[in-house]
Amino acid sequence: MALGQEISYSATIPQKRVVADRIVMIEPMEYVAVNALGIDNSSKFAFVNGPGTMYEWLEDVWSSRSDTLVGGLATSSTTTTFTCTDSTLYQPGDVLLIESEYFWVSSISGTTITVGTRSFGGTQATHADNLAISFVGRARLEGAAAGDGHFTQPTSGYNFSATFQKSIEISRSNALLKRYGIDNVVDWEINKKLEENLRLLNLAMFHGQRKVGSGTTPRSFGGLKAMITTNATALSSAALTRKNIEDEVQQCWAAGGRPNLIITGAWGKRKIATFYEGYVKTERAENMGGIMIDKIVTPLAINLDVVVDRDCQTDHLYLLDTNHVGGITIDPFFEESLGKSKDTAYYGQVVGEYGFVVRAEAFHSILTGFSTTA
């Protein structure tokens, strides 16, 4: 028996708790790279004979317009031959440039190139070993016979697919319980595992390693960092600058690409905003400050959208030509029940298989290792 006033601190066992009838997911779950690059680009890349665990794309290049001088070249007007590195590139009638002197090619024998006269244009000079030879034009003799010409062969780029899977097992008793914020625990877990798989797919676009796999080792697709190698610049903890970005755009452009998308992390996005603080046209407002840069206009008339992805490495910035990069779907995410062996309401999985293409990798670029404080 108890005497006196009963207060809320007494007899707490039968008290009902005040619980929100909604669950808030406190873990960020966004798929910026997945949304920006897409996961079903098979038609864009013109894949046929799919699906497959390995997939290839064909790439070709024009004949090279440069070579390297071997052994140097003297100034004398009687010196009308030089040794080249790759004689297959040359044909009679080629106009060459070494430093500021132009040459006209009259014949080729082995790696020896004969020029008709010295100083076809420009200033006759001595040229050192290992200098660049540029093909800058062609002037064929009228009526000359055709000869062998240089050609290139298509090459094959490739990547593999990766399987993303999450298992779900709900006991019968657990499924019967009533819950706040969850009408059906099985459906809740299926939807949650789909989101988690998508997050892993988004992460793999940055971190994926290209692995062929076997019966005992996993197969995996190479992501952006693994596939982009030509234009990969390490800044060694230096501050990211506007010039860094424009230099990378120029490298991609020189290779034939036109990058139109930047994906970076929070610091990269903040840093980009500082590059243009003095160059933004704004409407007057006394109650608003700051700028948000979502597009960069470059001097080469190449414009890039700027997106921030939580999954991007903190000190990385990717410049991408979206015409040549994106995911492909081998088997889209789906849920399936598996054979029960215990007292369960549900036993199954959410699983899917995807690939990733980075075609013409010199059309893209990566800036890595920049300071995330300066």
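This is a predicted model: local features need pLDDT of at least 70, side-chain atom pairs count only at pLDDT 80 or more; totals for chains, interfaces and linings use all residues.

Residues are numbered from 1 along each chain as its sequence is written, and side-chain values use heavy atoms, with hydrogens and water left out.

Q: How many helices and how many strands are there in the protein?
A: Helices (H or I, at least four residues) and strands (E, at least two) are DSSP runs, numbered from the N terminus. Counted that way, the protein has six helices and 18 strands.

Q: Is the protein compact or spread out next to the globule rule?
A: The C-alpha atoms fill a box of roughly 125 × 60 × 30 Å along the principal axes. The globule rule, 2.2 Å times the number of residues to the power 0.38, goes with a radius of gyration taken over C-alpha atoms. That rule gives 21 Å for 374 residues and the radius of gyration is 31 Å, well over it, so the protein is more spread out than a compact globule.

Q: What share of the contacts between residues at least 6 apart in sequence joins residues at least 24 apart?
A: Contact here means heavy atoms within 4.5 Å. Among the contacts in the protein at that sequence separation of at least 6, the share joining residues at least 24 apart is 75%.

Q: Why does helix H6 count as largely enclosed, and which of its residues are buried?
A: Buried means under 20% relative accessible area, exposed over 50%, partly exposed in between (1.4 Å probe, protein chains only). Seven of the ten residues of H6 (residues 266-275) are buried, so the helix is largely enclosed by the rest of the structure. The cover includes helix H5 (242-255) and strands E12 (261-264), E13 (295-297), E14 (303-308) and E15 (316-320). The buried residues are Trp267, Gly268, Lys269, Lys271, Ile272, Ala273 and Phe275.

Q: Which residues is Gly208 in contact with, leaving aside its neighbours within four places in sequence?
A: Gly208 sits in the loop between helix H3 (185-207) and helix H4 (224-227). Even in that loop, Gly208 counts as buried, at 7% relative accessibility. With those sequence neighbours set aside, its contacts are Phe221, Gly222, Gly223 and Ala226.

Q: How many disulfides does a search of the whole structure find?
A: A disulfide is a pair of cysteine sulfur atoms within 2.5 Å. Cys252 is in none, as the nearest cysteine sulfur, that of Cys312, is 15 Å away. Over the whole structure, the search finds zero.
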